[in-house]
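This report describes selected side-chain features of one protein model. The sequence and structure are shown first, and the account follows.

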Amino acid sequence: MEGVGSNLKVVESSRRIRYCDGLLRVLGLLLTLVAAILTGADKETKTIPISITKTLPTLHVPVTAKWHYMSAFVYFFVSNAIAFSYAAASLVASMAVRTSKDKTGLVVVILDMGIMGLLLSANGAAIAVGILGQYGNSHVQWRKVCNSFGGFCHQMTAAIILSLVGSLVFFWLVAVALLNLHKKSR
């Protein structure tokens, strides 16, 4: 009777891990999708007054801020789109791993680590550009732009936060897989 009780705990623990894995994959899918949508839809147009000289009248020029004007934001958008696509595919693959005994699970965990790294690097690039937009850089005469394009900057900040949480979700997927591996090795 002791063997039956211990097998029951392993099955119950395995179900809990699969449930946690599936929940984290859905969460990663949603977070990266919303981050990509927020980035792709981020655009703001403002009319900026420009004075060339004191004798000429002030010109009012419409200026538009779009996410694809900065290569770091393009990288951020594409990385979140890749992470979303991967999360959808890995959700299907992780469901298939339940019944198969091949190395698919190991491949999925390695890809989880790769996606986590991709998201973290894209977040770092987007944050660096966001800091320049917020504060500027007086050493190279780059002026801050978030005072003029506040809506654009707020939407990009929300997308970056969601993507950062998404990268943490992929970190937890790797951690859950490692904990599962550790439990199996005992």
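Helices (H or I, at least four residues) and strands (E, at least two) are DSSP runs, numbered from the N terminus. The model is predicted, so local features need pLDDT of at least 70 and side-chain atom pairs count only at pLDDT 80 or more, whereas totals for chains, interfaces and linings use all residues. Residues are numbered from 1 along each chain as its sequence is written, and side-chain values use heavy atoms, with hydrogens and water left out.

**Helix α2 and S79**

S79 is located in helix α2. The terms for accessibility are as follows: buried means under 20% relative accessible area, exposed over 50%, and partly exposed in between (1.4 Å probe, protein chains only). S79 counts as buried because its relative accessibility is 1%. Apart from neighbours within four places in sequence, S79 is in contact (heavy atoms within 4.5 Å) with L118, L119 and A122.

**Aromatic pairs**

There are 4 aromatic pairs in the structure. Rings of Phe, Tyr and Trp (its six-membered ring) pair if their centres lie within 6.5 Å; planes under 30 degrees apart count as stacked, over 60 as edge-to-face and the rest as tilted. One of the pairs is formed by W67 and F77, with 4.5 Å centre to centre and 40° between the planes, and is tilted. This pair links distant parts of the chain, 10 residues apart: W67 lies in the loop between β2 and α2 (71–97), and F77 in helix α2. Another pair, Y86 with F170, has ring centres 6.1 Å apart and planes at 40°, and is therefore tilted. Since Y86 belongs to helix α2 and F170 to helix α4 (residues 150–185), the pair ties together parts that are 84 residues apart in sequence.

| Residue | Relative accessibility | Class |
|---|---|---|
| W67 | 14% | buried |
| F77 | 24% | partly exposed |
| Y86 | 12% | buried |
| F170 | 1% | buried |

**Nonpolar surface patch**

I50, I52, L56, L59, V61 and V63 make a nonpolar surface patch of about 470 Å². Accessible areas come from the Shrake-Rupley method with a 1.4 Å probe. Strand β2 (residues 59–66) contributes the largest share of the patch, 3 residues. I52 is placed in the loop between β1 (43–50) and β2, and I52 counts as exposed because its relative accessibility is 57%.

Conventions. Patch = residues over 30% accessible without salt bridge, like charges linked within 9 Å, V, L, I, M, F, W, Y side chains within 5 Å. Salt bridge = Lys/Arg side-chain N within 4 Å of Asp/Glu carboxyl O.
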